[in-house]
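Dear colleague,

Please find below the structure that I am handing over to you, together with its sequence. My notes on what was found follow directly after it.

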Amino acid sequence: SEDVLSKDAGECAICLEELQQGDTIARLPCLCIYHKGQVFLRMHNYCIDEWFEVNRSCPEHPSD
């Protein structure tokens with residue numbers, strides 16, 4: 001599901017950028033969170049969308 005992060009939450013395991021309060025995120029069923037539709041340094045960052053174009057599992061829980 002898509003959500004807005006209510007507090008800082010470490011780094012995104014895909015792009016390694018910090019997950020910061022106010023970022024738009026995707027929360028997977030395993031409860032891992034990743035950027036969804038962010039803009040960093042004038043570049044669009046759709047981490048989880050791009051990940052799912054080539055992978056069908058959570059980057060941190062590939063066997064789930």
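Leu-16 is exposed, with a relative accessible area of 53%; exposed means over 50%, buried under 20% and partly exposed in between, computed with a 1.4 Å probe on protein chains only. This residue sits in the loop between β1 and β2, where strands (E, at least two residues) and helices (H or I, at least four) are DSSP runs numbered from the N terminus. Although Leu-16 is not a glycine, its phi is positive, at about 70°.

Please note that this is a predicted model, in which local features need pLDDT of at least 70 and side-chain atom pairs count only at pLDDT 80 or more, while totals for chains, interfaces and linings use all residues. Residues are numbered from 1 along each chain as its sequence is written, and side-chain values use heavy atoms, with hydrogens and water left out.

A positive phi also occurs at Leu-31, near 80°, again in a residue other than glycine. Leu-31 belongs to the loop between β2 and β3 and is exposed, at 62% relative accessible area. The hairpin formed by β2 and β3 has five residues between the strands. These two strands run antiparallel and are joined by three bridges; two strands pair if DSSP finds at least two bridges between them. Within this pairing, Arg-27 stands opposite Ile-33 in β3.

Turning to charged residues, how many salt bridges does a search of the whole structure find? The search finds two, a salt bridge being a side-chain nitrogen of Lys or Arg within 4 Å of a carboxyl oxygen of Asp or Glu.

- Asp-3 and Arg-27 form a salt bridge whose closest N and O atoms are 3.4 Å apart. The pair links distant parts of the chain, with Asp-3 in strand β1 and Arg-27 in strand β2, 24 residues apart. Asp-3 is partly exposed at 33% relative accessibility, and Arg-27 is partly exposed at 30%.
- Lys-36 and Asp-49 form a salt bridge with closest N and O atoms 2.7 Å apart. Lys-36 lies in the loop between β3 (33-35) and β4 (38-40) and Asp-49 in helix α1 (residues 47-54), so this pair ties together parts that are 13 residues apart in sequence. Lys-36 is partly exposed at 21%, as is Asp-49 at 29%.

Asp-23, located in the loop between β1 (2-4) and β2 (24-27), has no salt bridge even though it is buried; Arg-27, the nearest side chain of opposite charge, is 12 Å away. In this comparison Lys and Arg count as positive and Asp and Glu as negative, with His and the chain ends not counted. The side chain of Asp-23 does reach the backbone nitrogen of Gln-20, at 2.8 Å.

In the segment after α1, Arg-56 is exposed at 71% relative accessibility. A polar atom of the Arg-56 side chain lies 2.8 Å from the backbone oxygen of Phe-52.

Finally, the cysteines. A disulfide is taken as a pair of cysteine sulfur atoms within 2.5 Å, and by this rule the count is zero. Cys-12 is in no disulfide, the nearest cysteine sulfur being that of Cys-47 at 3.8 Å. For Cys-47, the closest cysteine sulfur is in Cys-15, at 3.5 Å, too far for a bond. Cys-12 is buried at 0% relative accessibility, and Cys-47 is buried at 2%.

With kind regards

Conventions:
A polar contact is a pair of N or O atoms within 3.5 Å; within protein, one must be able to donate a hydrogen and the other to accept it, and residues adjacent in sequence count only if both atoms are side-chain atoms.
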